[in-house]
Amino acid sequence: MAKFCRVLDSIKSRFGILFSKLGISGEGKNKDAALEQLKVFQDRGMVIVVVSQKDLKQLVAGANFISLLRTKYERVRLNLAANRVETS
């Protein structure tokens, strides 16, 4: 997470998508990488969205990718608890 943040920072990007098979450490507990994700937004205004294999399975089942990204984006910006993205 920290390395990805530095890469985004070096190109002055405000948004990034990180694909991770199992998600990130500390997810749902606001610690480890999940805490770093929130700190990066608070410090630099940079949002990093994490797309996991579970999310990809929802897309195969018919979920909308843009809606999924928007939900994850808002979750970081508003520091919301994780909840399931509904299929459309």
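Lys72 counts as buried, with a relative accessibility of 9%; buried means under 20% relative accessible area, exposed over 50%, and partly exposed in between (1.4 Å probe, protein chains only). The structure is a predicted model, in which local features need pLDDT of at least 70 and side-chain atom pairs count only at pLDDT 80 or more, while totals for chains, interfaces and linings use all residues. Residues are numbered from 1 along each chain as its sequence is written, and side-chain values use heavy atoms, with hydrogens and water left out.

Lys72 is placed in helix α4. Helices (H or I, at least four residues) and strands (E, at least two) are DSSP runs, numbered from the N terminus. The Lys72 side chain reaches the backbone oxygen of Val50 at 3.1 Å. This is a polar contact, that is, a pair of N or O atoms within 3.5 Å; within protein, one atom must be able to donate a hydrogen and the other to accept it, and residues adjacent in sequence count only if both atoms are side-chain atoms. When neighbours within four places in sequence are left aside, Lys72 is in contact with Val49, Val50 and Asp55, where contact means heavy atoms within 4.5 Å.

Strand β2 is described next. Five of the five residues of β2 are buried, so the strand is largely enclosed by the rest of the structure. Both of its faces are covered: Ile48 and Val50 lie on one side, Val47, Val49 and Val51 on the other, and all are buried. Strands β1 and β2 run parallel and are joined by five bridges; two strands pair if DSSP finds at least two bridges between them. Phe15 stands opposite Val47 in β2, and the β2 bridge partner of Phe19 is Val51.

Leu18 lies in strand β1, which spans residues 15-19. Apart from neighbours within four places in sequence, Leu18 is in contact with Met1, Phe4, Ile24, Ile48, Val49, Val50 and Val51. Val49, with residues up to four places away not counted, touches Phe15, Gly16, Ile17, Leu18, Gln37, Leu69, Lys72 and Tyr73.

The largest nonpolar core has eight residues, namely Leu38, Phe41, Val47, Val49, Val51, Leu68, Leu69 and Val76. Two or more of these residues come from each of α2 (32-44), β2 (47-51) and α4 (65-78). Another core, of five residues, lies apart from it, and includes Cys5, Leu8, Met46 and Ile48. A nonpolar core is a set of buried Ala, Val, Leu, Ile, Met, Phe, Trp, Tyr and Cys residues joined through side-chain atoms within 4.5 Å.

A search of the whole structure finds one aromatic pair. Phe15 and Tyr73 form this pair, which is tilted, with 5.8 Å from centre to centre and 55 degrees between the planes. Rings of Phe, Tyr and Trp (its six-membered ring) pair if their centres lie within 6.5 Å; planes under 30 degrees apart count as stacked, over 60 as edge-to-face and the rest as tilted. The pair links distant parts of the chain, since Phe15 is in strand β1 and Tyr73 in helix α4, 58 residues apart. Phe15 is partly exposed at 33% relative accessibility, and Tyr73 is partly exposed at 29%.

Helix α1 covers residues 2-10 and contains Ala2. Ala2 is partly exposed, with a relative accessible area of 36%. Ala2 and Ala33 are 31 residues apart in sequence and 8.1 Å apart in space, C-alpha to C-alpha.

Backbone angles were also examined. Most residues other than glycine have a negative phi. Lys12 has a positive phi, near 60 degrees; Lys12 lies in the loop between α1 and β1 and is exposed, with a relative accessible area of 70%. Asp32 also has a positive phi, near 55 degrees. Asp32 lies in helix α2 and counts as partly exposed at 49% relative accessibility.
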